Amino acid sequence: MPCYLIYSPDGHMCATLSKNKRPNFHGGDILGGTLQQQAEAVQTYIAYCGKYEVKPDKVVHLPDVSLFPNYIGTRQERFYKFENGKLVLNQAPELMDGKKQTAFIIWERVPE
């Protein structure tokens, strides 16, 4: 799963998560595609960006833009810890696919 999480020193962040092997839209039109292709594209990708705040046990994302409009203007709290040089983020239960679920992801720093 290709994923990127960027925290800048000036307090901005961007997160993007995508499923593997997402199909291309027929015809290559960025605003085109069938309704099914558009729906599948949305269901297999999430992205949001904005400012962030670091607290003792959590980081708070403050999205200004998001593929999921409900995130805009909210406080997305992610509990964090570091394990074996990796950042582990998890969140409180959230409605996903009709069920309350708790998501977590393990982030690894990209070598410079």
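**Figure 1. Arg 75 and Glu 53 form a salt bridge.** In this predicted model, the closest N and O atoms of Arg 75 and Glu 53 are 3.2 Å apart. A salt bridge here is a side-chain nitrogen of Lys or Arg within 4 Å of a carboxyl oxygen of Asp or Glu. The pair links distant parts of the chain, 22 residues apart. Arg 75 sits in the loop between strand 4 (58–66) and strand 5, and Glu 53 is in strand 3. Helices (H or I, at least four residues) and strands (E, at least two) are DSSP runs, numbered from the N terminus. Arg 75 counts as partly exposed at 46% relative accessibility. Glu 53 counts as partly exposed too, at 28%. Buried means under 20% relative accessible area, exposed over 50%, and partly exposed in between (1.4 Å probe, protein chains only). Glu 53, Lys 55 and Arg 75 are linked in a network of salt bridges.

Two notes on the values apply to every view. Residues are numbered from 1 along each chain as its sequence is written, and side-chain values use heavy atoms, with hydrogens and water left out. As the model is predicted, local features need pLDDT of at least 70 and side-chain atom pairs count only at pLDDT 80 or more, while totals for chains, interfaces and linings use all residues.

**Figure 2. Lys 58 pairs with Glu 77, and Glu 83 with Lys 81, in salt bridges.** Side chains of opposite charge can pair when their charged atoms come close. The count comes to 4 salt bridges. For Lys 58 and Glu 77, the closest N and O atoms are 3.3 Å apart. This pair also links distant parts of the chain: Lys 58 is in strand 4, Glu 77 is in strand 5, and 19 residues separate them. Glu 77 is partly exposed, with a relative accessible area of 30%. In the salt bridge of Glu 83 with Lys 81, the closest N and O atoms are 3.1 Å apart. Glu 83 is partly exposed at 37% relative accessible area. Lys 81 counts as partly exposed at 45%.

**Figure 3. A disulfide joins Cys 14 to Cys 49.** The S to S distance is 2.4 Å. A disulfide is a pair of cysteine sulfur atoms within 2.5 Å. By this rule the count comes to 1. Cys 14 lies in strand 2 (residues 12–18) and Cys 49 in strand 3 (residues 45–54), 35 residues apart, so the pair links distant parts of the chain. Cys 14 counts as partly exposed at 26% relative accessibility, and Cys 49 at 23%. Cys 3 is in no disulfide. The nearest cysteine sulfur to that of Cys 3 belongs to Cys 14, 12 Å away.

**Figure 4. Strand 2 pairs with strand 1 and with strand 3.** Two strands pair if DSSP finds at least two bridges between them. Strand 1 and strand 2 pair in the antiparallel sense over 5 bridges. Leu 17 in strand 2 is the bridge partner of Cys 3. Strand 2 and strand 3 are antiparallel over 7 bridges. Lys 51 in strand 3 is the bridge partner of His 12. Strand 2 is largely enclosed by the rest of the structure, because 5 of its 7 residues are buried.

**Figure 5. The largest pocket holds about 930 Å³ of space.** On a 1 Å grid over the protein atoms alone, a pocket is an open set of points where a 1.4 Å probe fits, with protein on both sides within 12 Å along at least five of seven lines; lining residues have an atom within 4 Å of a point. Grid points are joined across faces, edges and corners, and a volume is the space filled by probe spheres set on the points. Of the 28 lining residues, Leu 17, Ile 46, Tyr 71, Met 96 and Ala 103 are the closest to the centre. Elements that each supply at least two lining residues include strand 2, helix 1 (35–43) and strand 3. The lining has 18 nonpolar, 6 polar and 4 charged residues. Ala, Val, Leu, Ile, Met, Phe, Trp, Tyr, Cys and Pro count as nonpolar, Asp, Glu, Lys and Arg as charged, and the others, Gly among them, as polar.

**Figure 6. The second largest pocket holds about 660 Å³ of space.** Its lining has 19 residues. Leu 5, Tyr 7, Leu 87, Trp 107 and Arg 109 lie nearest the centre. Strand 1 (3–7) gives the largest share of this lining, 5 residues. The lining divides into 15 nonpolar, 1 polar and 3 charged residues.
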